[in-house]
Amino acid sequence: HGAHVQRCLLALSVVVAVTFVLFVTTPLYFPSVFRSAIGVMAPQFIVFGSLYLIPLFVTTCVTKLLNSLGIAHLAPIATVVSVVACVPLNGFLVPYFGMAGAALALAGTAFVQCGALIFLAARVPAVRRAWGQWRPLGDLLRSPDVQCVGRERDDDDGALEEGRHPVSPQGGEALSGDGSINRVARGREGGEVGRLVVVEIQSPMRRFLQLAVPSAGVVVAETTPFTTMIVFASVLGGADASAYAATYATINLLFTTSYGMSGAAAARIGNALGANQPRKAKKLSYLAVAMTLAISVVNAALLVIAHDGLFRLFTRDEVVLRKAASLTSVAALTHAADCIQFVFQGIFSACGQNRVGFPILLSSLVGVAIPLAAVFVFYLRWGAFGLYCGLCTGLVLATPMFSYAVWVRFDFDAIAAAASRGHQPRASRSDPRRRQDRHPTLVFPRISHGRPTTIRPARGAAHP
């Protein structure tokens, strides 16, 4: 876990540097895109608010680590601490620095949340064990990730004892069970070399980027249409823009429940796959979608019933409130569809299949939602209602494609086998296999000396 998180932080440091440059240069174009008031005030917020990215990325990485370890209660505690710090920071900075002060207060609140989360996480022994030690930069970038799953037994039956052997950063040596050094050959797929069986040797940063790049593409494909709708709303101006802002802020507030469901789905399904329990993982995917659907229906009903009180949290203009009330039904449907697609993102992340989810989101949201919204708003003159119609259409189209990919196309058995690296789930106390054979023999797919090679647990080793 620790090596993966450190590689994530290393990759995100590059992203932060590039994004900071973009945030500093982008405000130069704001006056030509947005209305005059927004074009003048927003650049100040963007430039100083770019500091917010640093704690945001670190907090996200640590939160993912905690979720994977089943320690999800620390993140809400850190959030409460940041909320307590938010009020005095804004009260002190905004009167003196205006819009820049609001951006600095936002960044300061995020730093408080990040510091509180790291402090709480560092006090948990399981987190310290998972984090391990700081790796040198060279190890994070160049260390080959070698899986050695076999070691020859002392007898002459040709069997291999099951075991994992750490590999040095150079990738040319590995430690056997008795501490001796054994040479291993380089290559993606290896056979029996010396006393070790090499399954895979691959750069860890390359493996990390193979998952990180599609995951980043999923986030970009999801956020692009919502950001585009904000630009369309600013072009509309007047009551349409204000009504869209009020309704969007309301459903965004209700959407926070989906963050928890998606994170829980990613952690629980990922843990089940890592334990080689594909049936449990598939059942958890059904459960996650069903619970998210139930919660989104409750949220949509709350929006329809209590929309006036919710919208008044963001505006008191009666004209805007009447316009926002006319958007309630389509906004509620958009919210429900958005919650469903977001929990599917958690399932895709747990299965390591974001490369499948990325084209689905790209085609449905960027390829369908944005062009439809542009037609509804600028050609049919539907105003803010057209914005939600375009978004809702794209999100509804994504749901059946996600469902087909997960429950029809995904081979949970193969995904679990790859995630668990051949480890079998621990037998229950009532399982007769636990009493009859505590160490079942596994069949290794490679051929050694002309006959199939079996793997048995090493003498004195615990069952995996």
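Tutor: Buried means under 20% relative accessible area, exposed over 50%, and partly exposed in between, with a 1.4 Å probe and protein chains only. This is a predicted model, in which local features need pLDDT of at least 70, side-chain atom pairs count only at pLDDT 80 or more, and totals for chains, interfaces and linings use all residues. Residues are numbered from 1 along each chain as its sequence is written, and side-chain values use heavy atoms, with hydrogens and water left out.

Student: Why is V127 called buried?

Tutor: V127 has a relative accessibility of 7%. The limit for buried is under 20%, so V127 counts as buried.

Student: Which residues is V127 in contact with, leaving aside neighbours within four places in sequence?

Tutor: They are L65, L66, L69, I71 and A121, where contact means heavy atoms within 4.5 Å. L69 is 58 residues from V127 along the chain, and their C-alpha atoms are separated by 7.7 Å. V127 itself sits in helix α7, residues 125–131; a helix here is a DSSP run of H or I of at least four residues, numbered from the N terminus.

Student: What makes the pair of F232 and F378 edge-to-face?

Tutor: A search of the whole structure finds 14 aromatic pairs. In the pair of F232 and F378, the ring centres are 5.2 Å apart and the planes are at 85 degrees. Rings of Phe, Tyr and Trp (its six-membered ring) pair if their centres lie within 6.5 Å; planes under 30 degrees apart count as stacked, over 60 as edge-to-face and the rest as tilted. The pair is therefore edge-to-face.

Student: Why is this pair said to tie together parts that are apart in sequence?

Tutor: F232 belongs to helix α9 (residues 204–236) and F378 to helix α16 (residues 354–379), so the pair ties together parts 146 residues apart in sequence.

Student: Are F232 and F378 buried or partly exposed?

Tutor: F232 has a relative accessible area of 14%, so F232 is buried. F378 has 34%, so F378 is partly exposed.

Student: Which residues do ring pairs link into a cluster?

Tutor: The cluster consists of Y286, F344, F348, F402, W407, F410 and F412.

Student: Why is C86 called partly exposed, and why is C351 called buried?

Tutor: C86 has 28% relative accessibility, so C86 counts as partly exposed. C351 has a relative accessible area of 6%, so C351 is buried.

How values were computed. Helix = DSSP H or I, 4+ residues; strand = E, 2+ residues; numbered from the N terminus.
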